[in-house]
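Hi everyone, thanks for making time.

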Amino acid sequence: FPSKANFLLVKVKNGGLSAKEVVNELMRKGILVRDLSGHPLLESCFRTAVGTREMNNILIQALKDIFEGI
């Protein structure tokens, strides 16, 4: 989703995992994001803040690890 703020709205489109499962896996890795999947218009979505380059790289790697582990 386009953003003009310091956060990104991410929709999980992988059929193997729900947004809630991705959020839980990120939390297990020490990465905090906000699960928005309970909202009717944001099903399968979570929100993450834009951080430093290092923080963003950690998030990207964690997401790769989660989706490659399916």
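Let me start with a term: two strands pair if DSSP finds at least two bridges between them. Keep in mind as well that this is a predicted model.

With that in hand, take strand E1 and strand E3, residues 45-49: they pair in the antiparallel sense, over five bridges.

Now let's step back to the whole sheet. In what order do the strands lie? The order is E1-E3-E2, in an open sheet of three strands with antiparallel pairing. The edges are formed by E1, at 7-11, and E2, at 34-35, and each of these pairs on one side only.

Next, the helices. Helix H1, residues 19-28, packs on this sheet and touches E2 and E3. The direction of H1 makes about 35° with that of E3.

H1 also has a helix to meet: H2, residues 53-68. Their axes come within 10 Å and cross at roughly 120°. Angles from 65 to 115 degrees count as roughly perpendicular and those over 145 as roughly antiparallel, so H1 and H2 are oblique to each other. The crossing of H1 past H2 is right-handed.

Which residues meet there? From H1 we have Val22, Glu25 and Leu26, and from H2 we have Leu59, Ala62, Leu63, Ile66 and Phe67. Sorted by class, this contact has seven nonpolar residues, one charged residue and no polar ones.

That's my tour, and I'm happy to go back to any part of it.

Notes. Residues are numbered from 1 along each chain as its sequence is written. This is a predicted model: local features need pLDDT of at least 70, side-chain atom pairs count only at pLDDT 80 or more; totals for chains, interfaces and linings use all residues. Side-chain values use heavy atoms; hydrogens and water are left out. Helices (H or I, at least four residues) and strands (E, at least two) are DSSP runs, numbered from the N terminus. Contact means heavy atoms within 4.5 Å. Axes are lines fitted to C-alpha atoms, for helices over the stretch in contact, and angles run from 0 to 180 degrees between N-to-C directions. Angles under 35 degrees count as roughly parallel, over 145 as roughly antiparallel, 65 to 115 as roughly perpendicular and the rest as oblique. A crossing is left-handed if the near helix is turned anticlockwise from the far one by less than a right angle, and right-handed if clockwise. Ala, Val, Leu, Ile, Met, Phe, Trp, Tyr, Cys and Pro count as nonpolar, Asp, Glu, Lys and Arg as charged, and the others, Gly among them, as polar.
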